[in-house]
Amino acid sequence: MTSICIITGSTLGGAEYVADHINEVLTDQGFEVELFNQAQLSDIEGKSHLIVVTSTHGAGELPENIQPLFADLAESSADFSSMKFGVIGLGSSDYDTFCNAVNLVEDALKAKGATQVCESLRIDVVNNFDHDSSAEEWLPAFVENL
Ligand SMILES: Cc1cc2nc3c(=O)[nH]c(=O)nc-3n(C[C@H](O)[C@H](O)[C@H](O)COP(=O)(O)O)c2cc1C
C-alpha cells in the first residue's frame, strides 16, 4: 500500500481544512495517510511521498508553524532523493507575493534532492470559495504520477 505523508502550514486553519479533506479522499482511495499539523523534520525524513498544504503569510513567507521545519531542513544534510512531493497553496492575489510559500517549499525540497511530481496547485482565496473541491481535483495529477 502506498503511504502518503501530508503536512500543513497554516495560521488561520484554512490549509488544515484542505489537508483534512484530502486525507479523507486519499484514505477512501486506499492510501495509507499520515497528517501532521505541526510537523518536525523527523516526521518527513525517509518518507517516500509528501504533500505540503500551505498558506502564505507575512510578506510572502511560510506560516510560522512550518518555519522551524524548513529552517531545520535547510541546515540538514539528509538526502531526500527518494521522496516525491506535491504542493497545494492557499493565498490571496491581493498580495504581490501570491502563494510565495509554494515557491519556498518547492525550492527547499528540490534542494534536498526530492522530486516534484506535478505542478503545484495555487488556490486564490479571493475568488475560489471551494478549496476542498479544487484540492480534490488536483489530486489525480499527484497520485497518477507516483
Ligand atoms: C497577515 C496576512 C498576510 C498574508 N500574506 C499573504 C501573502 O504574502 N501572499 C499570499 O498569497 N497570501 C497572503 N495572505 C492570505 C492567506 O494566505 C490566505 O488568507 C489563506 O487562506 C490563509 O490560510 P490559513 O488559514 O491556512 O492560514 C495573507 C493573509 C494575512 C492575514
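## Ser92 in its loop

Ser92 lies in the loop that connects strand E4 (84–91) with helix H4 (100–111). The model is a predicted one. With a relative accessible area of 15%, Ser92 counts as buried, because the cut-off for that class is under 20%.

Neighbours within four places in sequence set aside, the contacts of Ser92 are Phe98, Asp124, Val125 and Val126. Of these, Asp124 belongs to the range of strand E6 (residues 121–124).

## Strand E3

E3 pairs with two strands. Its pairing with E4 is parallel and comprises 7 bridges; within it, His49 has Lys84 of E4 as its bridge partner. Its pairing with E1 is also parallel, over 5 bridges, and here Val52 of E3 stands opposite Ile7.

## Strand E1 and its partner E2

Strand E1 (residues 3–9) has 6 of its 7 residues buried, and it is therefore largely enclosed by the rest of the structure. Besides its pairing with E3, E1 is joined by 5 bridges to strand E2 (residues 32–36), the two running parallel. One of the positions involved is Ile4, whose bridge partner in E2 is Val33.

## Leu121 in strand E6

Leu121 is located in strand E6 (residues 121–124). Its relative accessible area is 17%, a value that makes it buried because it falls under 20%.

Residues up to four places away in sequence left out, Leu121 touches Val87, Ile88, Gly89, Val102, Ser134, Ala135 and Trp138. Among these, Val87, Ile88 and Gly89 fall within the span of E4 (84–91), and Val102 falls within that of H4 (100–111). Leu121 and Gly13 are separated by 108 residues in sequence, and their C-alpha atoms are 18 Å apart in space.

## The chain as a whole

The protein contains 5 helices and 6 strands. Read from the N terminus, the order of elements is β-α-β-α-β-α-β-α-β-β-α. Of the contacts with a separation of 6 or more, 78% are between residues 24 or more positions apart.

What radius of gyration does the protein have, and what would a compact globule have? For 146 residues a compact globule would be near 15 Å, and the protein has 14 Å, which agrees. The C-alpha trace spans about 35 × 35 × 25 Å along its principal axes.

Buried residues make up 49% of the 146 in the protein. The accessible surface amounts to about 7000 Å², and carbon and sulfur atoms account for 45% of that area.

Technical notes
Residues numbered from 1 in each chain as written. Predicted model: local features only at pLDDT ≥ 70, side-chain atom pairs only at ≥ 80, totals over all residues. Heavy atoms only, no water. Helix = DSSP H or I, 4+ residues; strand = E, 2+ residues; numbered from the N terminus. Rg over C-alpha atoms; globule rule 2.2 N^0.38 Å. Buried < 20%, exposed > 50% of the residue type's maximum accessible area, 1.4 Å probe, protein only. Contact = heavy atoms within 4.5 Å. Areas by Shrake-Rupley, 256 points an atom, 1.4 Å probe, with all protein chains shown as cover. Pairing = 2+ DSSP bridges.
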